[in-house]
Amino acid sequence: MIGYRVKSLREERKMSISELSAKSGVAKSYISSLERNLQTNPTILVLEKIARILCIKVDALLKEQADKDIDEEWMKIMQDVMRAGISKEEMREFIEDRK
């Protein structure tokens, strides 16, 4: 189920519901309902917002098995970034400059 995958991916990234809510713009109560499978029919817009913050494709939330290769690749990239001493703020600035 989508809610289970959202919760699992959020926890893998050591992110709270509040943090995911603040970064994605999706209400904390909605994310909580989604993760508890009370909300079972989220819109594509909501899924896109959540997926963007979790650094995954929307279809990874819709599939039974998330694409682990992409997740692992992103994790390796982020580990390289951290080892290089690049701060979160510097990464945010870089991303904003690219938009």
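So, helix 2 and helix 4 cross each other in a right-handed way. Keep in mind, everyone, that this is a predicted model.

How do we describe a pair like this? Two packed helices are described by the angle between their axes and the distance between the axes. For helix 2, residues 17-24, and helix 4, residues 44-54, the angle is about 110° and the axes lie 9 Å apart. Angles of 65 to 115 degrees count as roughly perpendicular, so helix 2 is roughly perpendicular to helix 4.

Which residues make the contact? From helix 2 we have Leu20, Lys23 and Ser24, and from helix 4 we have Lys49, Ile50, Arg52, Ile53 and Leu54. Find them on the screen if you can! Sorted by kind, the residues of this contact are four nonpolar, three charged and one polar.

Now let's move to the loops. Take lysine 14, which sits in the loop between helix 1, residues 2-12, and helix 2. Lysine 14 is not a glycine, and yet its phi is positive, at about 55°. Is lysine 14 buried or exposed? Its relative accessibility is 73%, and the cut-off for exposed is over 50%, so lysine 14 counts as exposed.

Asparagine 37 is our other stop, in the loop between helix 3, residues 28-35, and helix 4. Here too we have a residue that is not a glycine but has a positive phi, about 60° for asparagine 37. With a relative accessibility of 28%, asparagine 37 counts as partly exposed, because that class lies between the 20% and 50% limits.

Key. Residues numbered from 1 in each chain as written. Predicted model: local features only at pLDDT ≥ 70, side-chain atom pairs only at ≥ 80, totals over all residues. Heavy atoms only, no water. Axes fitted to C-alpha atoms, helices over the stretch in contact; angles between N-to-C directions. Helix = DSSP H or I, 4+ residues; strand = E, 2+ residues; numbered from the N terminus. Parallel < 35°, antiparallel > 145°, perpendicular 65-115°, else oblique. Left-handed = near helix turned anticlockwise from the far one by under 90°. Contact = heavy atoms within 4.5 Å. Nonpolar A, V, L, I, M, F, W, Y, C, P; charged D, E, K, R; others polar. Buried < 20%, exposed > 50% of the residue type's maximum accessible area, 1.4 Å probe, protein only.
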